[in-house]
Amino acid sequence: MAQQAFRKLHLVLALGGMMAPFAIGAAHADSVVKLGFASPLSGPQAHYGKDNENAAKMAIDDLNKQNLVIGGQKVKFELVPEDDQADPRVGTQVAQRLVDSGVKAVIGHFNSGVSIPASRIYSDAGIPQLSVATNPAYTASGYKTAFRLVGSDSQIGGSLGQYAVKQLKAQRIAVIDDRTAYGQGIADEFVKSLAAQGKQPVKREYTNDKANDFTAILTSLKAQKPDVIFYGGADAQAAPMARQMKRLGLNARLMGGDMLNTPNFIKLAGADATGHYSAVAGGELGARPAGKDFEQRYKARYKQDVVLLGPQFYDGVMIVADAMKRAGSTDPAKFLPYIAKTGYKGVTADFGFDPAGNLKNAPVTISSVENNDWKVKSVVQ
């Protein structure tokens with residue numbers, strides 16, 4: 001019996017010695033902090049979404065290299081990506097999945113029409129949402145969780161309206177939009193800008209974000225002899241529109257918002273892309289040292305140029321992490337107020353938000369296609 005008891009005691013001590021390192025390791029284990037991401041990762045707008053995801057992943061990797069300690073706990077960030085398909089219905093399902101998965105914040109969505117309905121779900125859950133939605137309605141809801149990482153349609157559309165009249169000296173301007181929250185929203189703001197300058201569109205037409213044949217619309221516009229045609233929508237529609245304008249002998253300049261300002265527009269429109277205009281809600285990336293560094297690292301890592309708003313998604317991740325550090329907590333209820341009063345210097349802007357969640361002092365960059373590339377023409381603050 002004595003020998004059996006000794007063996008049991010020896011086994012207990014041995015197991016205790018083996019378990020001790022595990023106990024010590026557990027005390028220093030990383031606390032995983034999940035950040036949600038949502039954009040279209042399939043369908044005709046997937047090139048925007050993949051760009052956003054690439055940049056967000058870069059931010060996560062950059063953060064994890066820092067071995068951050070927040071609230072006394074070493075943290076490891078993890079991106080939880082979701083494909084919202086640029087569809088409002090799918091977007092709300094995605095938003096609920098992200099909330100249920102325990103994410104601490106969401107960087108997304110990309111489209112205004114998806115961001116707006118999803119914002120209510122994040123607000124109800126008390127989870128910060130940092131979006132590139134440009135429709136003014138995104139921050140008009142009063143949700144304290146909604147933050148806009150770029151300028152709004154009122155700034156983009158307004159800047160384009162003034163540029164069309166004052167710089168391009170346009171006299172006859174037609175307007176088309178795809179009836180999405182983004183397309184209609186930016187077109188409405190463009191028309192408001194014209195009205196403020198004493199001008200009205202010679203005609204306004206409508207299409208949808210799945211169309212690719214605009215012959216009937218353009219033929220009706222040709223009779224109005226426009227010198228500028230504003231299009232509120234994405235590059236997947238703007239490119240065939242540019243080709244069809246050329247084929248029909250329409251000499252008007254095509255003009256649109258940030259979703260036109262992509263390598264994809266030039267690729268799809270070919271030689272017919274030359275001379276057309278777009279505006280992006282943000283400054284020139286290469287004009288900021290941090291922006292230029294990001295651009296170089298992005299290209300080296302993904303073997304492609306930045307598509308559009310990926311850098312803002314990078315900044316969105318970093319703004320959330322910075323707020324957590326300053327709050328000393330990864331609890332959304334505790335770090336949310338620190339996002340609201342951020343002063344983060346990002347790769348795309350010096351971030352500060354007004355009480356509604358809009359980006360303060362948001363610049364707008366107007367460019368046109370020359371020599372198979374987008375060339376900056378003006379930066380409006």
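Biologist: What percentage of the residues in the protein chain is buried?

Modeller: Buried means under 20% relative accessible area, exposed over 50%, and partly exposed in between, with a 1.4 Å probe and protein chains only. Here buried residues make up 52% of the 381 residues in the protein chain. This is a predicted model, in which local features need pLDDT of at least 70 and side-chain atom pairs count only at pLDDT 80 or more, while totals for chains, interfaces and linings use all residues. Residues are numbered from 1 along each chain as its sequence is written, and side-chain values use heavy atoms, with hydrogens and water left out.

Biologist: What is the mean pLDDT of the protein chain, and where does pLDDT stay under 50?

Modeller: pLDDT is the predictor's confidence in each residue, from 0 to 100. The chain has a mean of 92, and 92% of its residues reach 70 or more. Over residues 1-27, however, pLDDT stays under 50, and the model has zero contacts there beyond four places in sequence. A contact means heavy atoms within 4.5 Å.

Biologist: How many helices and strands does the chain have?

Modeller: Both are DSSP runs numbered from the N terminus: helices are H or I with at least four residues, strands are E with at least two. The protein chain has 13 helices and 13 strands.

Biologist: Is E189 buried or exposed?

Modeller: E189 lies in helix α7 and counts as buried because its relative accessibility is 13%. Leaving out residues up to four places away in sequence, E189 touches P136, D153, S154, G157 and G158.

Biologist: Which side chain of opposite charge is nearest to K199?

Modeller: In general, Lys and Arg count as positive and Asp and Glu as negative; His and the chain ends are not counted. A salt bridge is a side-chain nitrogen of Lys or Arg within 4 Å of a carboxyl oxygen of Asp or Glu. K199 is buried and has no salt bridge; D227, the nearest side chain of opposite charge, is 8.0 Å away.

Biologist: Where is K199 found?

Modeller: K199 sits in the loop between α7 (181-196) and β8 (203-206). Beyond neighbours within four places in sequence, K199 is in contact with V165, A170, Q171 and L194.
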